[in-house]
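Please look over the sequence and the model shown here before reading on.

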Amino acid sequence: MSEESEAIQSKSVVISGLAGLLGGACSMACGEWVSMVAQKQGLESEIKVERRHLRVYEKEERKLLKSELERNGLSPETADAVIKDISKQGEEKMLLFHTKMVLGIDSEELGSPFKSAAFSFFCFAIGALTPLIPWIFIEDQMQAFQWTLVMVSFATVAAGSLQAQYSHRGVIWVSCRQLLVMCISAILSVGSSYLTSGSVVS
(Lines give C-alpha, C1' and ligand atoms only; values in the text may rest on other atoms or scores of the structure.)
Protein backbone atom coordinates (compact mmCIF):
# COMPACT_ATOMS: atom_id res chain seq x y z
CA MET A 1 0.00 0.00 0.00
CA SER A 2 1.35 3.40 -0.97
CA GLU A 3 2.05 6.12 1.57
CA GLU A 4 -0.63 8.29 -0.01
CA SER A 5 -3.19 5.52 0.31
CA GLU A 6 -2.24 4.91 3.95
CA ALA A 7 -2.56 8.62 4.71
CA ILE A 8 -6.03 8.69 3.15
CA GLN A 9 -7.16 5.66 5.15
CA SER A 10 -5.71 7.08 8.38
CA LYS A 11 -7.56 10.32 7.72
CA SER A 12 -10.75 8.33 7.17
CA VAL A 13 -10.26 6.65 10.55
CA VAL A 14 -9.83 10.03 12.23
CA ILE A 15 -12.89 11.55 10.54
CA SER A 16 -15.02 8.51 11.35
CA GLY A 17 -13.74 8.49 14.92
CA LEU A 18 -14.47 12.18 15.45
CA ALA A 19 -17.94 11.72 13.99
CA GLY A 20 -18.52 8.81 16.37
CA LEU A 21 -17.13 10.87 19.24
CA LEU A 22 -19.49 13.75 18.59
CA GLY A 23 -22.50 11.53 17.99
CA GLY A 24 -21.82 9.31 21.00
CA ALA A 25 -21.07 12.21 23.34
CA CYS A 26 -24.25 14.02 22.30
CA SER A 27 -26.25 10.83 22.71
CA MET A 28 -24.83 10.26 26.20
CA ALA A 29 -25.46 13.88 27.19
CA CYS A 30 -29.06 13.81 25.94
CA GLY A 31 -29.73 10.51 27.67
CA GLU A 32 -28.28 11.77 30.94
CA TRP A 33 -30.30 15.01 30.69
CA VAL A 34 -33.57 13.16 30.08
CA SER A 35 -32.82 10.74 32.92
CA MET A 36 -31.95 13.51 35.38
CA VAL A 37 -34.99 15.61 34.43
CA ALA A 38 -37.30 12.62 34.95
CA GLN A 39 -35.68 11.83 38.29
CA LYS A 40 -35.76 15.45 39.47
CA GLN A 41 -39.38 15.92 38.47
CA GLY A 42 -40.33 12.70 40.24
CA LEU A 43 -38.63 13.81 43.45
CA GLU A 44 -40.16 17.27 43.22
CA SER A 45 -43.57 15.62 42.86
CA GLU A 46 -42.93 13.57 46.00
CA ILE A 47 -41.91 16.73 47.88
CA LYS A 48 -45.04 18.52 46.68
CA VAL A 49 -47.23 15.68 47.97
CA GLU A 50 -45.35 15.69 51.28
CA ARG A 51 -45.86 19.45 51.61
CA ARG A 52 -49.60 18.96 51.23
CA HIS A 53 -49.61 16.10 53.75
CA LEU A 54 -47.78 18.22 56.32
CA ARG A 55 -50.56 20.82 56.03
CA VAL A 56 -53.56 18.48 55.89
CA TYR A 57 -52.36 15.58 58.04
CA GLU A 58 -50.03 17.40 60.40
CA LYS A 59 -50.51 15.12 63.42
CA GLU A 60 -50.11 11.92 61.43
CA GLU A 61 -46.99 13.21 59.69
CA ARG A 62 -45.44 14.29 62.97
CA LYS A 63 -46.08 10.83 64.43
CA LEU A 64 -44.42 9.32 61.39
CA LEU A 65 -41.43 11.66 61.77
CA LYS A 66 -41.20 10.90 65.48
CA SER A 67 -41.17 7.15 64.86
CA GLU A 68 -38.43 7.62 62.27
CA LEU A 69 -36.33 9.64 64.72
CA GLU A 70 -36.82 6.98 67.39
CA ARG A 71 -35.84 4.30 64.92
CA ASN A 72 -32.56 6.21 64.43
CA GLY A 73 -31.79 6.12 68.14
CA LEU A 74 -33.48 9.19 69.64
CA SER A 75 -35.57 8.88 72.78
CA PRO A 76 -39.28 9.87 72.55
CA GLU A 77 -38.61 13.00 74.58
CA THR A 78 -35.68 14.05 72.41
CA ALA A 79 -37.65 13.32 69.24
CA ASP A 80 -40.51 15.53 70.47
CA ALA A 81 -38.05 18.31 71.32
CA VAL A 82 -36.41 18.11 67.88
CA ILE A 83 -39.75 18.22 66.05
CA LYS A 84 -40.93 21.15 68.20
CA ASP A 85 -37.71 23.06 67.56
CA ILE A 86 -37.79 22.43 63.80
CA SER A 87 -41.45 23.42 63.52
CA LYS A 88 -40.65 26.80 65.06
CA GLN A 89 -38.30 27.53 62.13
CA GLY A 90 -41.09 27.51 59.57
CA GLU A 91 -42.79 25.22 57.09
CA GLU A 92 -39.87 25.01 54.66
CA LYS A 93 -37.42 23.88 57.36
CA MET A 94 -39.88 21.26 58.56
CA LEU A 95 -40.47 20.06 55.00
CA LEU A 96 -36.73 19.82 54.35
CA PHE A 97 -36.14 17.87 57.57
CA HIS A 98 -39.18 15.65 57.06
CA THR A 99 -38.31 14.67 53.51
CA LYS A 100 -34.74 13.86 54.55
CA MET A 101 -35.73 11.68 57.49
CA VAL A 102 -38.86 10.00 56.15
CA LEU A 103 -38.34 9.87 52.38
CA GLY A 104 -34.56 10.06 52.21
CA ILE A 105 -34.81 13.02 49.80
CA ASP A 106 -32.64 16.11 50.13
CA SER A 107 -34.71 18.80 48.43
CA GLU A 108 -31.66 21.08 48.30
CA GLU A 109 -29.60 18.57 46.30
CA LEU A 110 -31.81 17.15 43.57
CA GLY A 111 -29.05 17.44 41.00
CA SER A 112 -28.61 19.54 37.88
CA PRO A 113 -29.62 17.92 34.55
CA PHE A 114 -27.39 20.30 32.58
CA LYS A 115 -24.33 19.66 34.75
CA SER A 116 -24.85 15.91 34.52
CA ALA A 117 -25.28 16.12 30.75
CA ALA A 118 -22.11 18.21 30.37
CA PHE A 119 -20.16 15.78 32.56
CA SER A 120 -21.36 12.79 30.49
CA PHE A 121 -20.46 14.59 27.27
CA PHE A 122 -16.97 15.44 28.55
CA CYS A 123 -16.21 11.94 29.89
CA PHE A 124 -17.41 10.21 26.71
CA ALA A 125 -15.43 12.64 24.55
CA ILE A 126 -12.21 12.02 26.51
CA GLY A 127 -12.69 8.27 26.29
CA ALA A 128 -13.45 8.37 22.55
CA LEU A 129 -10.57 10.75 21.77
CA THR A 130 -7.89 8.60 23.44
CA PRO A 131 -7.76 5.84 20.77
CA LEU A 132 -7.83 8.44 17.97
CA ILE A 133 -4.70 10.32 19.02
CA PRO A 134 -2.20 7.92 17.39
CA TRP A 135 -4.12 8.03 14.12
CA ILE A 136 -3.81 11.82 14.06
CA PHE A 137 0.00 11.83 14.35
CA ILE A 138 1.06 8.45 12.87
CA GLU A 139 0.53 7.65 9.20
CA ASP A 140 1.51 3.98 9.35
CA GLN A 141 -1.71 2.14 10.14
CA MET A 142 -0.17 -0.81 11.99
CA GLN A 143 1.89 1.48 14.21
CA ALA A 144 -1.15 3.67 14.85
CA PHE A 145 -3.17 0.59 15.78
CA GLN A 146 -0.44 -0.66 18.14
CA TRP A 147 -0.14 2.73 19.82
CA THR A 148 -3.89 2.84 20.17
CA LEU A 149 -3.77 -0.42 22.14
CA VAL A 150 -1.00 0.97 24.36
CA MET A 151 -2.77 4.28 25.05
CA VAL A 152 -6.14 2.72 25.68
CA SER A 153 -4.60 0.12 28.01
CA PHE A 154 -2.76 2.84 29.93
CA ALA A 155 -5.91 4.98 30.18
CA THR A 156 -7.94 1.97 31.33
CA VAL A 157 -5.44 1.09 34.07
CA ALA A 158 -5.30 4.76 35.14
CA ALA A 159 -9.10 4.90 35.34
CA GLY A 160 -9.10 1.68 37.36
CA SER A 161 -6.52 3.14 39.76
CA LEU A 162 -8.70 6.21 40.33
CA GLN A 163 -11.79 4.08 40.81
CA ALA A 164 -9.95 1.93 43.36
CA GLN A 165 -9.64 4.97 45.63
CA TYR A 166 -13.42 4.71 46.23
CA SER A 167 -13.57 0.92 46.43
CA HIS A 168 -12.75 -1.65 49.08
CA ARG A 169 -10.84 -3.56 46.40
CA GLY A 170 -7.14 -2.99 45.78
CA VAL A 171 -5.71 -0.95 42.91
CA ILE A 172 -4.37 -4.02 41.09
CA TRP A 173 -7.70 -5.88 41.28
CA VAL A 174 -9.76 -2.93 40.03
CA SER A 175 -7.26 -2.05 37.30
CA CYS A 176 -7.17 -5.65 36.05
CA ARG A 177 -10.95 -5.77 36.06
CA GLN A 178 -11.11 -2.58 34.00
CA LEU A 179 -8.49 -3.96 31.61
CA LEU A 180 -10.42 -7.22 31.22
CA VAL A 181 -13.63 -5.39 30.38
CA MET A 182 -11.74 -3.25 27.85
CA CYS A 183 -10.21 -6.36 26.24
CA ILE A 184 -13.60 -8.01 25.90
CA SER A 185 -15.02 -4.85 24.31
CA ALA A 186 -12.03 -4.62 21.95
CA ILE A 187 -12.37 -8.27 20.92
CA LEU A 188 -16.05 -7.79 20.15
CA SER A 189 -15.33 -4.59 18.21
CA VAL A 190 -12.45 -6.08 16.22
CA GLY A 191 -14.41 -9.28 15.64
CA SER A 192 -17.43 -7.44 14.27
CA SER A 193 -15.17 -5.33 12.04
CA TYR A 194 -13.51 -8.45 10.66
CA LEU A 195 -16.86 -10.17 10.02
CA THR A 196 -18.32 -7.16 8.19
CA SER A 197 -15.29 -5.94 6.20
CA GLY A 198 -12.95 -8.95 6.20
CA SER A 199 -10.10 -7.06 7.88
CA VAL A 200 -9.21 -4.86 10.82
CA VAL A 201 -6.04 -3.03 9.78
CA SER A 202 -4.76 -3.33 6.26
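S116 counts as buried, because its relative accessibility of 17% falls under the 20% limit for that class. The model is a predicted one, and S116 belongs to one of its helices, namely α5. Once neighbours within four places in sequence are set aside, the residues in contact with S116 are E32 and M36.

**The aromatic pair**

- The count of aromatic pairs comes to one, and this pair is formed by W33 and F114, whose ring centres are 6.1 Å apart and whose planes make an angle of 55°, an arrangement classed as tilted.
- W33 lies in helix α1, which covers residues 3–56, while F114 lies in helix α5, which covers residues 113–129, so the pair ties together parts of the chain that are 81 residues apart in sequence.
- W33 is partly exposed, at a relative accessible area of 34%, because the class of partly exposed residues runs between the 20% limit for buried and the 50% limit for exposed.
- F114, by contrast, counts as exposed, with a relative accessibility of 63%, so F114 lies over the 50% cut-off that defines this class.

**Secondary structure and overall dimensions**

- The protein chain contains eight helices and zero strands, and its pattern, read along the sequence, is α-α-α-α-α-α-α-α.

**Burial, contacts and surface**

- Buried residues make up 24% of the 202 residues of the protein chain, and S116, at 17% relative accessibility, is one that counts as buried.
- When contacts in the protein chain between residues at least 6 apart in sequence are considered, 59% of them join residues that are at least 24 apart.
- The protein chain has an accessible surface of about 13,600 Å², and carbon and sulfur atoms account for 63% of that area.

**Charge**

- The protein chain carries 18 positive and 22 negative charges, and the mean positions of these two sets are 11 Å apart.

Notes. Residues numbered from 1 in each chain as written. Predicted model: local features only at pLDDT ≥ 70, side-chain atom pairs only at ≥ 80, totals over all residues. Heavy atoms only, no water. Helix = DSSP H or I, 4+ residues; strand = E, 2+ residues; numbered from the N terminus. Buried < 20%, exposed > 50% of the residue type's maximum accessible area, 1.4 Å probe, protein only. Contact = heavy atoms within 4.5 Å. Areas by Shrake-Rupley, 256 points an atom, 1.4 Å probe, with all protein chains shown as cover. Lys, Arg positive; Asp, Glu negative; His and termini not counted. Charge placed at Lys NZ, Arg CZ, Asp CG, Glu CD. Phe/Tyr/Trp six-rings, centres within 6.5 Å; stacked < 30°, edge-to-face > 60°.
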